[in-house]
Amino acid sequence: LLSVTHYGYLRGKQRYRCSSCHHQFVRRYDKSQWVKQAYQAYVDGKQTLTELSQHYHKDVRTLQRQFDSLIIPAHTERLFEQPINLIVDATFFSHADGVLVFRAEQRNLYWRFITSETLAEVTTGLAVLELRGYQLKSVVIDGRKGVIKLFERRYQGLPIPLCQFHQAQMIRRYTTNRPKTECGQALKCLMLMLTQVDHEQFSSMLFSLREQYQAFLKERNEQGQFMHRRLRSAFRSLKTNLPYLFTYKQFPQLNMPNTTNSCDGSFAHWKQKVKIHRGLRHKRRNKMINYLLNKS
């Protein structure tokens, strides 16, 4: 074993000497290491720039410059060899400022910053995953008709479960949390049973409920317009999405999720961390999101 001893200082830095070969050297440190540690404390540890300035004895502006120059490596490795249950979802900070995430098994496979959740953005993400060699055994989406058609054309026969949580949220927006009509209250009770029944039972109850209130839903006002358009939209949404709501039960061997909650939970986690540092510039906020998504 080599024996290394202290051997004075060189320009204020500790010098070492090998007892075997008498080689003298100064240990070199990675200057970027403290920046990475500080940025991790800034993002994960929720430390402010002022707190980090006191800890590292650096000026706040110096810290910010170092963080701006820090490069977050792009995530390009292939994480899974076997076919995956893909989850696709997007979240937005404002009307035209969001991020689209492709996720599987609690891992973020790919993401891109978007201004709108268009089919072109989804197609680009799928092309990247295919280039990396991923194979799909199912895909869970939030219910957009265009996205469903896209996957049906691109992957014929691929099971496509529709997120039951998103469907329940759509019906809630139509009926509100406290429906005033008897039909709305009955529809709310039906949605509470969505995860407790199978496709046949839910279909039977849905069409029975629609038939029961058929005359009520057809009521018109003096201008000839339907009086209960929101309730009609709620029934139409359920009828349209019904073939995809129970796909996960039709293929139990695939162990598919029935919601996109894996993405939604991840969104809530890193959005909370980003909110701590309010007022960030667009570029700095995106770097922080890249760091968080890359880490998870």
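The exercises that follow concern helix faces, salt bridges, a surface patch, backbone angles and distances in a predicted model.

**Exercise 1. Determine which residues of helix α3 are buried and how they are arranged around the helix axis.**

Solution. 
Step 1. Helix α3 spans residues 60-69, and within it Leu63, Gln64 and Phe67 are buried.
Step 2. Viewed down the axis of α3, these buried residues fall within an arc of 95°, so they line one face of the helix.
Step 3. Arg61 and Arg65, on the other side of α3, are exposed.

**Exercise 2. Carry out the corresponding analysis for helix α5, naming its buried residues and the exposed residues on the other side.**

Solution. 
Step 1. The residues Val147, Ile148, Leu150 and Phe151 are buried in α5.
Step 2. Around the axis they cover an arc of only 160°, which puts them on the same side of α5.
Step 3. On the other side of α5, the exposed residues are Lys145 and Arg153.

**Exercise 3. Describe the salt bridge between Arg154 and Glu130 in terms of distance, location and accessibility.**

Solution. 
Step 1. The closest N and O atoms of Arg154 and Glu130 are 3.1 Å apart, and the two residues form a salt bridge.
Step 2. Arg154 is found in helix α5 (residues 145-154) and Glu130 in helix α4 (residues 119-131), so the pair ties together parts that are 24 residues apart in sequence.
Step 3. Arg154 is partly exposed, its relative accessible area being 33%. Glu130 also counts as partly exposed, at 36% relative accessibility.

**Exercise 4. State how many salt bridges the structure holds, and describe the one between Glu81 and Arg78.**

Solution. 
Step 1. There are 8 salt bridges in the structure.
Step 2. One of them joins the side chains of Glu81 and Arg78, with an N to O distance of 3.6 Å.
Step 3. Glu81 counts as exposed at 55% relative accessibility, whereas Arg78 is partly exposed with a relative accessible area of 31%.

**Exercise 5. Identify the residues that form a positive surface patch, and characterise Arg236.**

Solution. 
Step 1. Lys145, Arg210, Lys218, Arg236 and Lys239 form a positive surface patch.
Step 2. Arg236 is located in helix α10, which covers residues 229-245.
Step 3. The relative accessible area of Arg236 is 49%, and this residue is partly exposed.

**Exercise 6. Give the phi angle, the place and the exposure of Glu105 and of Thr176.**

Solution. 
Step 1. Glu105 is not a glycine, yet it has a positive phi of about 50°.
Step 2. Glu105 sits in the loop between β5 and β6 (107-114), and it is partly exposed with a relative accessible area of 49%.
Step 3. Thr176, likewise not a glycine, has a positive phi of about 70°.
Step 4. The loop between α6 (164-175) and α7 (182-192) contains Thr176, which is partly exposed with a relative accessible area of 41%.

**Exercise 7. Find the C-alpha separation of Tyr248 and Arg112, and that of Arg230 and Leu150.**

Solution. 
Step 1. Tyr248 lies in helix α11 (residues 247-250) and is buried, with a relative accessible area of 15%.
Step 2. Between the C-alpha atoms of Tyr248 and Arg112 the separation is 27 Å, and the two residues are 136 residues apart along the chain.
Step 3. Arg230 is placed in helix α10 and is partly exposed, with a relative accessible area of 48%.
Step 4. Arg230 and Leu150 are 80 residues apart along the chain, and their C-alpha atoms are separated by 27 Å.

Technical notes:
Residues numbered from 1 in each chain as written. Heavy atoms only, no water. Patch = residues over 30% accessible without salt bridge, like charges linked within 9 Å, V, L, I, M, F, W, Y side chains within 5 Å. Areas by Shrake-Rupley, 256 points an atom, 1.4 Å probe, with all protein chains shown as cover. Salt bridge = Lys/Arg side-chain N within 4 Å of Asp/Glu carboxyl O. Lys, Arg positive; Asp, Glu negative; His and termini not counted. Charge placed at Lys NZ, Arg CZ, Asp CG, Glu CD. Helix = DSSP H or I, 4+ residues; strand = E, 2+ residues; numbered from the N terminus. Buried < 20%, exposed > 50% of the residue type's maximum accessible area, 1.4 Å probe, protein only. Arc of directions from axis to C-beta.
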